[in-house]
Amino acid sequence: MKKKIGVYVCHCGNNIADYVDVEKVKEEIAKEDGVLITKTTMFACADSTQKEVVDDIKEHELDGLVIASCSPKLHLFTFRNVAERAGLNPYNYVQANIREQVSWAHSNDPKGATEKAIHIIKGALAKVKLSEALTPPKITATNVVLIVGAGIAGIRAAIELADMGTYVYIIENQHFVGGRTSQWNSLFETNESGEEVITRLFTELKKRENITLFTGTSINSTSGSVGNFEVKLKISPRLIKMDCVKTDDAEFDKKLQQAIDICPVEVPDDFNFNITKRKAIYKNFKSEFPKCPAIDDEACTKCGDCEQFCEAIDLHQKEEFIDIKVGAVLLATGFDPYEPPKGEYGYGEIDNVITLPQFKRLIELDENELIYKDKKIKSVAYIYCVGSRQVDGENKYCSRYCCTSAIHSSIQIQNKYEGITSYHFNRGIRTYGKQELLYKESSEKGDIYLQVDEENRASVLVENGKTIVKANDILTAGKEFEAEVDLVVLVTGMTPRAEKRTGEILKVPIGRDKFFNEIHLKLKPVETVIDGVFISGACQAPFNITEAVKLALSAASKANTLLNKGEIELEPTLAKINKGTCDWCDECTKACPYDAILKTDLDGKAVAEVIEAKCKGCGMCLPVCPVDAIELIGYSNAEMESIIDAMIA
Amino acid sequence: MDTEKKAKILVFSTDKISDPAIDLAGLMKIHYSPTVYTITVPCSSSIKSRWIMHAFEKGYDGVFIAADGTDCPYGESCSELTGIIVGNTHELMKAKKIDPARLKMAAVCSVCAESFVKHMDSFTKYLSKTENTN
């Protein structure tokens, strides 16, 4: 029984202290048996506090440590390391979660939250009093990572992981790689096109033998856990045999083109955000990877006309499944652009109202003159924050990239075409960092900026066949302004991917913004609460390309660090048999999914024995024992019952 | 008319699956009763009936097992084994004349924050009627 315990109650800035009376908690806990030191701290995770705890442990020879702060999912290992640095066994440390499960969960009831915090800490004290000094076991881990999404974040992470010696499977649910980046034209600040950047990166990826790419592929199911995930991949049919497609074969290319030309099916081209149409056989741009075109299985009528021209086409291909084993999964699934509902600023009702992604494709496609629906564009109105910073809608967040992207597009059209007037109806321009240079350039080129707010937004209407945008400019004391324009561009933000199945299969938590949720925005920005599942890029929040790539590299490093030793340290939560009580009945061996219990002989008596290397610490054997002869380290009857007692005392 | 009281609920949650959901409920500031106390176990099929019975003896009004369900990282048998634990404990409760409805189990996945809070609200409502716990 520990008798010299230190307890530290964290304010977490205001996250805990706003709802929990931490001083009262400290006073109550100080009265508990075995507590030698009780302190409150502004941030328990701060370096200075960690040092103070280390010094306290050493100076007072503490034999147990409780830190009441955030969820153990965030800082368990931080504080275990603190204990270890002070010479205390890390398993003599217990974390009491008084943030996620107290202050935040009961922010509506500070008195109730304070009472609960006291009970939760008493429970942690009960556990630490009976805690043992332990050594963690290790399991082998497969140094293989599955990356989901072959956009810029996924490809960049794949290259980085491969260079660090990790084998990579990278899957893309589309038939071509590149993701959203390949849809963008000139990128700030290098002015390379997205197509060029992706081509350059993919050329690098192809040089690495320890990367395998599957296109048209998604996760069908998973089993296992960190270090040893078993993943079933579903590969949808491309309907064109990839191995038949040769590079630099003019004759073959001619046949393929004939097949495309004969295809009678036309569907909206989602690569161009539906402003153009494409055939069921398609390829988005010439240098796109893989080189082989694909047939849109949903749109194709299987008329067979194309097969007459090209022997590579195989309309009878079926979906395939393959099983892979990986140690970790890195999600880089990106985002979907916000799609305004019909009528939002006239979208879907007024012909010349389009979204920013559509506008960017239009710029890419229109070489000499900017023409939309057969009309030459001489004036453009940009309406900002559509689908972002919504007062009434779900998307409360700022999408971060759209101010810069709209202004960059505006400069592009000034440079590419002649004599276009641009009006920017914004809610405060957010071109942070170097992107501010674009704002300056745009202003110098004569673009007109008018600021509105959420209560007095711009409106789009048609009067006498002309499209008018009206607004009250708050920078000129609310003066009414109206502009007749040829095109209205809704500067739309980012939304989470409509495809939810991948996240659901892996059970990745989603946040209030509906993007994937990292453990901590600052301290664990690419980790999730699912061990071995990492997130990166715009699947976790709106990020621009630069930021997405930084996160991808971070996630790649974390995944490699986890797996590159070939083994992972696990919790030392092992089953223990009380051989004196055990009267071999075989129930525990039947319950154990890992064959970790066998029959052995103890002085002529048959008893159960745990094979430590196989035991995963699930505890399934505990309740099936008719004589209660099995306990789990860290979850003994004495520990569990003392916690139960303490939390209600 | 029922007399209302603050029901004390002990929740057995699991480290990998239901604990993240309960954390997420906090993150999303979805409120539930502050007399809900959570104790973490590796897997819901590791919970002993004696711990549950101990909780009732000590004065908890209800015990809720936030089970791994089919998401259990340890194996497919988790749901079945947890169900057996609940069944066995119900028998022990009946023998001690404790209303079996005071022990509930539901699968709570790692993102089931709202579902967890709904369970807590309805369980709290049931247990807060003193006739159900006396």
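Biologist: How many helices and strands are there in chain A?
Modeller: Chain A has 15 helices and 34 strands. Both are DSSP runs numbered from the N terminus, with H or I over at least four residues for helices and E over at least two for strands. This is a predicted model, in which local features need pLDDT of at least 70, side-chain atom pairs count only at pLDDT 80 or more, and totals for chains, interfaces and linings use all residues. Residues are numbered from 1 along each chain as its sequence is written, and chains are lettered from A and ligands numbered from 1 in the order in which they are written.

Biologist: What does the model score?
Modeller: ipTM is 0.96 and pTM is 0.77. For chain B the mean pLDDT (the predictor's confidence in each residue, from 0 to 100) is 90, and 91% of its residues reach 70 or more.

Biologist: In what order do the five strands of the open sheet come?
Modeller: In chain A the order is β8-β7-β6-β16-β29, with parallel pairing. Two strands pair if DSSP finds at least two bridges between them.

Biologist: Which strands stand at the edges?
Modeller: β8 (211-215) and β29 (533-535) of chain A; each has a single partner strand, so one side of each is left without a neighbour in the sheet. Neighbouring strands are turned by 20° against each other on average, direction ignored.

Biologist: How many bridges join β6 to β7?
Modeller: Five bridges join β6 (residues 144-148) to β7 (residues 167-172) in chain A. A:Val144, for one, has A:Tyr167 as its bridge partner in β7(A).

Biologist: And what does helix α6 touch?
Modeller: Helix α6 (residues 152-163) of chain A packs on the sheet and touches β6, β7, β8 and β16 (328-331), its direction making about 170° with that of β7(A). Helix α13 (residues 545-563) of chain A also packs on the sheet, touching β6, β16 and β29, at about 175° to the direction of β16(A). Axes are lines fitted to C-alpha atoms, for helices over the stretch in contact, and angles run from 0 to 180 degrees between N-to-C directions. Contact means that the C-beta atoms of two residues, placed from the backbone, lie within 7 Å.

Biologist: Switching to the interface: how many residues does the contact take from each chain?
Modeller: It takes 44 residues from chain A and 42 residues from chain B. α4 (99-103), α5 (110-129) and α15 (637-648) of chain A each supply at least two residues of chain A's side.

Biologist: Which one supplies the largest share?
Modeller: α15(A), with eight residues.
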